[in-house]
Amino acid sequence: MATTHQTLCIQPLELERLIAQDKRLMIIDLRSMGEYMHNHISNATNMPSTTRLVKHLEDVDRSLNVVIVCKFGDQSALLVSKFLALGFENVFFLFGGMSAWEESHVTFPIIPSASNTYHLH
């Protein structure tokens, strides 16, 4: 995984390898429910409200490797900085977001379903 300043990023092919190897992984998809339902990375959890997510970080298991995904990577990079400031150590953003994931032609499935949509209360 590559380091960019104080924010950690992961390339699509690196994420594909991590998904295949690591069972201690949480993928958070920040995109809207509609974008998530159209396609998403297998086992990703949809959490489209970053404000509400930050308020509920205690729900995120700190022992997991957390990868945050958005459409182009910019929104997830900002959120990774917040996670790091709150003491998370293994948190990364997908460089280039879902656009890069789709363009990389990775073999790990993108599934058109909303099975892992997470609603914060």
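Begin by selecting Ile28, Leu53, Val60, Val66, Ile68 and Phe83, which touch the most other members of the largest nonpolar core, a set of 19 residues. Colour the secondary structure next, and you will find that β3 (25-29), β6 (65-69), α4 and β7 (91-94) each supply at least two residues of this core, with the largest share, four residues, coming from α4. Keep in mind throughout that this is a predicted model.

Apart from its neighbours within four places in sequence, Ile68 is in contact with Ile28 and Leu30, with Ser76, Leu79, Val80 and Phe83, and with Val91, Phe92, Phe93 and Leu94.

Now select Leu8, Leu15, Leu25 and Tyr36, which are among the 16 residues of a second, separate core.

Return to helix α4 (residues 74-85) and pick Asp74, which lies in this helix. Asp74 has a relative accessible area of 52% and therefore counts as exposed, the cut-off being over 50%.

For a view of side chains, show Arg62 together with Phe88: the charged end of Arg62 sits over the ring of Phe88, at 4.1 Å from the ring centre. A search of the whole structure for aromatic pairs finds one.

Finish at Asn43, in the loop between β4 (40-41) and β5 (44-46). The backbone here deserves a look, as phi of Asn43 is near 70 degrees, a positive value in a residue other than glycine. Asn43 is also exposed, at 56% relative accessibility.

Note on methods: Residues numbered from 1 in each chain as written. Predicted model: local features only at pLDDT ≥ 70, side-chain atom pairs only at ≥ 80, totals over all residues. Heavy atoms only, no water. Phe/Tyr/Trp six-rings, centres within 6.5 Å; stacked < 30°, edge-to-face > 60°. Lys NZ or Arg CZ within 6 Å of the ring centre and 35° of its normal. Buried < 20%, exposed > 50% of the residue type's maximum accessible area, 1.4 Å probe, protein only. Core = buried A, V, L, I, M, F, W, Y, C linked by side-chain atoms within 4.5 Å. Contact = heavy atoms within 4.5 Å.
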